[in-house]
Amino acid sequence: MKAYKLLKQRKDGSLGPLFINAKARLPIGQWMEAEDHPTKGYAHRPGWHCLPTPDAPHLSKNPKSGPKRVWCEVEITGIEVFLRPADQGGVWYLADNMRIVEVIG
């Protein structure tokens, strides 16, 4: 299934998660299985967090310093639908597996 994920893009061009397991480097074109990284201060929701559209108002603004944030088109499998407030994107997909297709902006 096609979906979208907001990732950070480092100065060297590599992609990584915004918050949980933030040091990970995520390759384009390779299927990745979700890992479980319980993190203090965050709700425990294992899986790749993706959206049906590239819209997450609470996360979309680039920080004043550090890596920029970019939307990526992804393919996902093993999906659970999770309902969130509209200002958090509305519908989240929690996926068991994800493949980054391309950076779209």
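I count a residue as buried under 20% relative accessible area, as exposed over 50%, and as partly exposed in between, with a 1.4 Å probe and protein chains only. The model is predicted, so I note that local features need pLDDT of at least 70 and side-chain atom pairs pLDDT 80 or more, while totals for chains, interfaces and linings use all residues. Residues are numbered from 1 along each chain as its sequence is written, and side-chain values use heavy atoms, with hydrogens and water left out.

**Entry: cysteines**

I looked for disulfides, meaning pairs of cysteine sulfur atoms within 2.5 Å. The count came to 0. C50 is in no disulfide, and its nearest cysteine sulfur, that of C72, is 10.0 Å away.

**Entry: rings and a charge**

I found 2 aromatic pairs in the structure. For these, rings of Phe, Tyr and Trp (its six-membered ring) pair if their centres lie within 6.5 Å; planes under 30 degrees apart are stacked, over 60 edge-to-face, and the rest tilted. Which ring does the charged end of R84 sit over? It is the ring of W92, with the charged end 5.1 Å from the ring centre. The rule asks for NZ of Lys or CZ of Arg within 6 Å of the centre and within 35 degrees of the ring normal.

I also looked up Y4 and W92, which are 88 residues apart in sequence and 9.9 Å apart in space, C-alpha to C-alpha. Y4 belongs to strand 1, a strand being a DSSP run (E) of at least two residues, numbered from the N terminus. Y4 counts as buried because its relative accessibility is 13%.

**Entry: largest pocket**

I noted a volume of about 860 Å³ for the largest pocket. A pocket is an open set of points on a 1 Å grid, where a 1.4 Å probe fits, with protein on both sides within 12 Å along at least five of seven lines; lining residues have an atom within 4 Å of a point. Of its 35 lining residues, K5, F19, I20, G47 and H49 are the closest to the centre. Strand 1 (2-9), strand 3 (32-33) and strand 4 (48-50) each give two or more residues to the lining.

**Entry: N21**

I found N21 in the loop between strand 2 (15-16) and strand 3. Its phi is near 55°, a positive value in a residue other than glycine. N21 counts as partly exposed, at 33% relative accessibility.

Key:
Grid points are joined across faces, edges and corners, and a volume is the space filled by probe spheres set on the points. Helices (H or I, at least four residues) and strands (E, at least two) are DSSP runs, numbered from the N terminus.
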